Amino acid sequence: MNIHPSSIIDPKAQIPNNVSIGPYSIIEQNVSIGEGAKIHSNVLIKSGTTIGEKCEIFTGAVIGEKPQDLKYNNEDTHVIIGDNCIIREYVTIHKGTLDREKTKIGSNCLLMAYSHIAHDSILGDNVILSNNVQVGGHVNIESNVIVGGSTPIHQFCVIGEYAFIGGGYRIVQDVPPYIKAMGEPLKYSGVNSVGLKRNNFSDDIIKSIKKAYRIIYRSEHNTLQATQMLKNESSGLTEIDKILKFIKNSKRGII
């Protein structure tokens, strides 16, 4: 085990032999770290945190701290992080409250420096948060989403899969899947064609997604009329069904 002698590790922490822990890092009790993880210097991992295999956590990160929620009363809640995640300098991830009891990060995520994940938020796999993205409480970010730097995300918002958010814009409503979003206030800015092609979506599927969003955003129909048209014309394509389901389930309304 490659553990620096200046680090402080509770004997109840579960740490495999092939984990590396740098100088002055603190690992509290009831922490579980997966095989092959690398913890750099001055990292604080609080009780109730589970970290997957082959994660790398950089200097100054704080994971599993109490939520910034005045209703929190020291309940036994958790942070769960998947495999192969990269958590850069001074990232903060807070544990859940009684609402969801956990804050959860999927696998293969990149959280860049100074980004913050608040209590009860859930991130899917392959999510990228650029520097200083601030994720409010109870946010859902689905898989394969990219969020540009210095973007605040309002609590309870949902961002659909394969969405791309430009940097520096506020997210205060739900962002549907497969789209690019930019502007102030945040607006639909086309389909994320580049991201979809990189993830092996066929040209026909991308064309169908573009057609659906032309009806939703570029026609004279309101959202209810547009989604009804899509239902009538839908050929059972999974991606179109996901768009319709996302809009139907949106509690904050879509951008």
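**Close-up views of a predicted model**

**View 1. Cover over helix α2.** The buried residues of α2 are covered by elements that include β25 (179-182), β26 (187-191), α1 (193-198), α3 and α4. Here contact means heavy atoms within 4.5 Å, and buried means under 20% relative accessible area, exposed over 50% and partly exposed in between (1.4 Å probe, protein chains only). The buried positions in α2 are I206, I209, A212, Y213, I215 and I216. Helices (H or I, at least four residues) and strands (E, at least two) are DSSP runs, numbered from the N terminus. The model is predicted: local features need pLDDT of at least 70, side-chain atom pairs count only at pLDDT 80 or more, and totals for chains, interfaces and linings use all residues. Residues are numbered from 1 along each chain as its sequence is written, and side-chain values use heavy atoms, with hydrogens and water left out.

View 2. Helix α3 spans residues 223-233, and its buried residues are A226, T227 and L230. Seen down the axis of α3, these residues fall within an arc of 95 degrees, so they line one face of the helix; the arc is that of the directions from the helix axis to the C-beta atoms. An α-helix has 3.6 residues a turn, so residues three or four places apart point the same way. L224 and N232 lie on the other side of α3 and are exposed. The buried residues of α3 pack against α2 (203-218) and α4 (238-249).

**View 3. Surroundings of H138.** H138 sits in the loop between β19 (134-135) and β20 (140-141). With a relative accessible area of 11%, H138 is buried. Leaving aside residues up to four places away in sequence, H138 touches T97, D99, R100, H119, D120, S121, F156 and C157.

**View 4. The whole protein, for orientation.** The protein has 4 helices and 26 strands. Its radius of gyration, taken over C-alpha atoms, is 20 Å, close to the 18 Å that the globule rule (2.2 Å times the number of residues to the power 0.38) gives for 255 residues, so the protein is as compact as a globular protein of that length. Along the principal axes, the C-alpha atoms fill a box of roughly 65 × 40 × 30 Å. Of the 255 residues, 49% are buried. Among contacts with a separation of 6 or more, 28% join residues 24 or more positions apart.
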